Each structure stands twice: as structure tokens, then as C-alpha cells.
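Hello,

Here is the structure we talked about passing on. Please open it first, then read the notes below.

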Amino acid sequence: MMVLSGHLVAGEITVKGSDTLVVLAQRWAETYMAGHPGVRVQVTGGGTGTGFAALLGRTTDICTASRRISRATPSAPMVAVPVSWPPATSAWVRPVPDSV
């Protein structure tokens with residue numbers, strides 16, 4: 001997962017957003033957890049808009065999106081990570097401070 005500038009070795013990562021990407025995000029979570037047994041990754045759908053709202057409200061770490069962010073949705077402090085080509089889908093994350 002392209003989540004952190006390093007890698008999380010213990011704790012929990014939450015992923016919320018696109019119902020279109022929920023199965024793919026679950027596979028990423030399973031793969032990440034297999035290599036990092038101290039990490040629990042929780043994946044839920046609900047829709048891209050729900051994911052953006054949760055990310056902005058700091059109730060999720062990653063938002064999966066099956067569409068580009070709209071101009072009405074404030075993008076700061078989010079960073080897009082394209083997960084397909086052409087980049088129609090993205091995972092949006094909050095930048096992690098260097099101290100983590």
C-alpha cells in the first residue's frame with residue numbers, strides 16, 4: 001500500500017471510500033497484513049464521497065476514489081495516489097509527519 005513515507009509495523013490503518021474499489025483495497029490490505037502481522041487494516045466502502053468526508057474529518061487514513069475529486073471538495077491536506085491507468089481511480093491519503 002502506498003500509505004506512509006515508511007511502513008507501519010504496528011497499529012491500525014483504516015480505508016474507506018469507493019464501493020468499486022473495495023475488493024481491490026481488501027486484497028491490498030490482506031497482502032500488507034501478511035507482511036506486517038502487527039498491523040490491522042480495516043477496509044469499508046460507502047462511496048467515494050463518504051471516503052472523502054471521512055478523510056477530511058480524520059476518521060479514516062485512506063480514501064479510495066473511483067472518480068476525480070470535485071472542485072467542491074477541498075483537497076487539502078490530501079495527496080492523490082493513482083491506482084490505475086489512465087488515472088481514473090485513486091487512493092487519497094493524508095500526509096504523514098516525518099516524526100511517525
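A helix here is a DSSP run of H or I with at least four residues, and helices are numbered from the N terminus. By that count, α2 is followed by Arg58, whose phi is positive, near 60°. Keep in mind that this is a predicted model.

**Overall layout**

The protein chain has two helices and five strands. From the N terminus on, their order is β-α-β-α-β-β-β. Of the 100 residues, 36% are buried. The accessible surface comes to about 5800 Å². Carbon and sulfur atoms hold 58% of that surface. Contacts with a separation of 6 or more were also sorted by sequence distance: 59% of them join residues 24 or more positions apart.

**The β-α-β unit**

β1, α1 and β2 make a right-handed β-α-β unit. β1 and β2 pair in the parallel sense, over six bridges. Within that pairing, Thr14 stands opposite Gln42 in β2. β2 has two faces. Val39, Val41 and Val43 form the covered one. Arg40, Gln42 and Thr44 form the uncovered one.

**The core**

Which residues make up the largest nonpolar core? There are 10: Ile13, Val15, Val22, Ala25, Ala29, Tyr32, Val39, Val41, Val43 and Ile62. β1, α1 and β2 (39–44) are the elements that give two or more residues to this core. α1 gives the most, with four residues. The covered face of β2, with Val39, Val41 and Val43, is part of the core list too.

**Helix α2**

α2 spans residues 48–56. Its buried residues are Thr48, Gly51, Phe52, Ala54 and Leu55. Seen down the axis of α2, these buried residues fall within an arc of 165°, so they line one face of the helix.

**Ser18**

Ser18 sits in the loop between β1 (11–17) and α1 (22–35). Is Ser18 buried or exposed? The cut-off for buried is under 20% relative accessible area. Ser18 has 1% relative accessibility, so Ser18 counts as buried. Leaving out residues up to four places away in sequence, Ser18 touches Gly47, Thr48, Thr64, Ala65 and Ser66. One of these, Thr48, is also among the buried residues of α2.

Best wishes

Notes: Residues are numbered from 1 along each chain as its sequence is written. This is a predicted model: local features need pLDDT of at least 70, side-chain atom pairs count only at pLDDT 80 or more; totals for chains, interfaces and linings use all residues. Side-chain values use heavy atoms; hydrogens and water are left out. Buried means under 20% relative accessible area, exposed over 50%, partly exposed in between (1.4 Å probe, protein chains only). Contact means heavy atoms within 4.5 Å. A nonpolar core is a set of buried Ala, Val, Leu, Ile, Met, Phe, Trp, Tyr and Cys residues joined through side-chain atoms within 4.5 Å. The arc is that of the directions from the helix axis to the C-beta atoms. Two strands pair if DSSP finds at least two bridges between them. A crossover is right-handed if, with the strands pointing away from the viewer, the path from the first strand over the helix to the second runs clockwise. Accessible areas come from the Shrake-Rupley method with a 1.4 Å probe; for residues, only the protein chains shown count as cover.
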